[in-house]
Every structure is written in C-alpha cells, then in structure tokens.
Amino acid sequence: MPSSDSLAETDPDVADAITAERTRQESNLNMIASENHLSEAVIEAQGSVLTNKYAEGYPGSRYYGGCEHVDTIETLARDRATELFGADHANVQPHSGTQANMGVYFAILEPGDRILSLDLTHGGHLSHGHHVNFSGQLYEVEQYGVDPETGYVDYDELESMANDFEPALIVSGSSAYPREFDFDRIGEIADDVDAYHLADIAHVTGLVAAGVHANPVDVADFVTGSTHKSIRAGRGGMILTGEEYAEDIDSAIFPGAQGGPLMHNVAGKAVGFGEALQPEFTEYAERTVANAKALADVFIDRGLSLVSDGTDKHLVLVDFSESHPDLTGTDAEGLLDDVGITVNKNTVPGEERSPFVTSGIRVGTPALTTRGIDESTIEEIAHLMVDRLDNPDDETLADEIDAEVDRLADEHPIYDR
C-alpha cells in the first residue's frame, strides 16, 4: 500500500524546494500579471486523491468505470462556469489556455486556414499564431497591431486587414494589452468577412466573471480563458460557447487534443468558480482594477512611459525605450527581483530587442490584491519600484527598499501562519 509518511520523510529534497517556494511567495511581492495566490480550499482540491482517477470522456459518458464522483465535480465546474459567464456550454477539461485555443482551432479549422490575431509584440499570445507555436505552424496567420501613437488596437486597420486577408477566424484577446477589446466591433468585422470570432479572455477571466470588464460571450462564437490568473481557480483552461458548437468543442478536446482530464485540477476549477460566485469576489475584481490604475498613475507621474498611457484592467505595460533607453526588460526584472518585487520582462510595440531581453516590463495587480493590498499601498510600492529603477547602482537605497518590501509582505500574509 502507499506510504503514509509525510513528504518531508519520503522526499526531503522536494519538500525543501516546496517550503522554499512558499517562503519566496510569502516574502516577495508578486506583480506578475498572469499569477495569483489561490485559496487553501482550491489547493486542497488540487492536491487530492482525484489525481488517481482516469476519466476520459464527459460526465455520464466515460470510458472508465468508477467515475460517479468525478462526474459530480466536473458537472459542478461546468454549471458554475456557465452561471458566471452567462454561457450555454462550458468545457472545463483543457489543461491550459493554450490547449483551450487548440480545441477551438481543431473544432472549426483545417490546416492552412487563415487566422487574424494580435501580434505578440503588441500584446498578443503565442497560441494566437506565433511561428514557434503549433498555431503558427498549422495555419496561415496575419497579425494586426496597436496604433503606434495611442497604443490602442487600430480597429480600422483590423477591418481593412480582414477584408484583404479573408480569415476563417479572428482572434481577440491578449497577454499584455492593457486596454479592453471592443468585442462588439471585432464581432461585426468577423460577421462581415464570414469569419468565426474567438475571444481569448485568459488574463481577464475573473474580471469578466465579476462584471468589471466587458463580457464577449454574447458576441463571440467561442470564448477561451485560463482559470488560475484573475479568477483564482484550479490551474488550466476552459472554453465557453453556444449549444450549436458544444459537441464539436467537446470532441476537439477529447479525443482530439487530450486524453484523460486532470480531475484534481477540474476540482480546483469547481472550487474557484464557486468562490467567484460570492459577492466578495466582485469587490476583489474592482479593487484589482483600481490598484492597476493607481499603479499606472504613479508610474506616469514619475516619468515612466506606459503603452496606451494607462490601463483598463489588471496590468500595465512599461516601455523603457524613451524614459530609460539603456535599461532592458531583463535588467529591470533583475533589479526589482533583488529587492523582492517580482515582475516579468515583456516586449513592447515596435520592439527592437530580443524577446529574451525586451524593452519593457509587464506589471500586474491580481496577486497583491489577493493579499489585501489597497490603492495607497500600491502607490507606495510603485514609488519603491521607480526608486530602484532610477538608481540601479545605489546599494544603500536597494537595502532600504528591500526592508520596506519585507515589511509590506509581512503585513499582508498570503496564508494563515
């Protein structure tokens, strides 16, 4: 029978690494826009005996016996997702947002079909057709961008490109675009060129669920998203669609793109979706956006250039090209990490550096907001960040900032100690 020993007894190396990671999360201020801190209930579900269970198929139609309890869990996850987003159908089995997009592509496209999507350096995502990703290798892809003057998506250019390119699918959504998409306008363009419309809400899933961001469910043929970023559910992805596409989507995920679903992650999704249905989640989402706006205001006041000069949602994109031309995104990431603030380097529109170097950073507020941090504290953190970036060689100042970060992290614990 399986050992009843603790992880520390069975594998102290792994146990030590997990303990160190928990300490890192508790002591650092996480400002990576695609990360969050999940509740202990979600973590408990994901670390459960459900990881032992194969459940190929869907509730009521499995290829394995003994699925009655996982059927209950997956049904809860699907029902809660459809309630949150107002969708007819939800598939909660994708292992990631990328595999959710894969499921949509497999359901409606043939290899060589055309996709029109946002350019990666302008805030798009690898799975929207980048050449190193399967999506750029299987399909013919053209990409629209943002206006170089405003930083906003140029919808007139998008419309012109759609008319010339005649795509089978138009993708809206991003991983580093700080403004809301005009889903209605993109839907109209897609209709005019007889294309499907896929809205990828991976980053703003929680904001959409809470009603503080536009919901594309009624205007897009398909909506995909991650389930562990701003919504704080089990790590993975999901697809929302109407009943007319439900069977095609389900078949594209299983058996088309995946085998057995990760039922422990599906359970985490069910729990996280249940948490998002509570009134306090709306307050969290509203505070996440307010914090991002406060962050943007301080950055602008301190002389940093932001793509689109601000944000509508949970992230800002800092472009050092003008304010700090010698500073790379990699350097900025390292400088901030040295004082306990975690961000990620990011390409910016018109990027001239390698994606492994970049000219910008992406900074988000979901994880800090989960810790109970408010706008006044966000403003304090923003000043600390700019102080560090403006004075990269001042080690005395770095030590002072590090001490302040330690204090703030200690005052806002993630989990009960």
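Modeller: Happy to! The protein is divided into domain 1 (44-277) and domain 2 (280-411), with bounds that come from an automatic or database domain assignment. This is a predicted model, where local features need pLDDT of at least 70, side-chain atom pairs count only at pLDDT 80 or more, and totals for chains, interfaces and linings use all residues. Residues are numbered from 1 along each chain as its sequence is written, and side-chain values use heavy atoms, with hydrogens and water left out.

Biologist: Which residues in domain 1 lose the most area to domain 2?

Modeller: Buried area is the accessible area (1.4 Å probe) that two parts lose on being put together, summed over both. Between domain 1 and domain 2 it is about 2100 Å², and carbon and sulfur atoms give 59% of that. Together giving 29% of what the domain 1 side buries, the residues that lose the most are Pro178, Arg179 and Arg232.

Biologist: Which residue forms a salt bridge with arginine 179?

Modeller: Side chains of opposite charge can pair when their charged atoms come close. A salt bridge is a side-chain nitrogen of Lys or Arg within 4 Å of a carboxyl oxygen of Asp or Glu, and the count between domain 1 and domain 2 is 1. For arginine 179, the closest N and O atoms are 2.9 Å apart, and the partner is aspartate 312.

Biologist: Where is arginine 232 found?

Modeller: Its phi is near 60°, a positive value in a residue other than glycine. Helices (H or I, at least four residues) and strands (E, at least two) are DSSP runs, numbered from the N terminus. In those terms, arginine 232 is in the loop between β9 (222-226) and β10 (237-241).

Biologist: Why is the pair of tyrosine 63 and phenylalanine 254 called edge-to-face?

Modeller: Rings of Phe, Tyr and Trp (its six-membered ring) pair if their centres lie within 6.5 Å; planes under 30 degrees apart count as stacked, over 60 as edge-to-face and the rest as tilted. A search of the whole structure finds 11 aromatic pairs. Here the centres are 5.6 Å apart, and the pair is edge-to-face because the planes are at 65°.

Biologist: Which residue does a cis peptide bond join to phenylalanine 254?

Modeller: Phenylalanine 254 is in helix α10 (residues 243-257). The cis bond has an omega of about 10°, and the residue joined there is proline 255.
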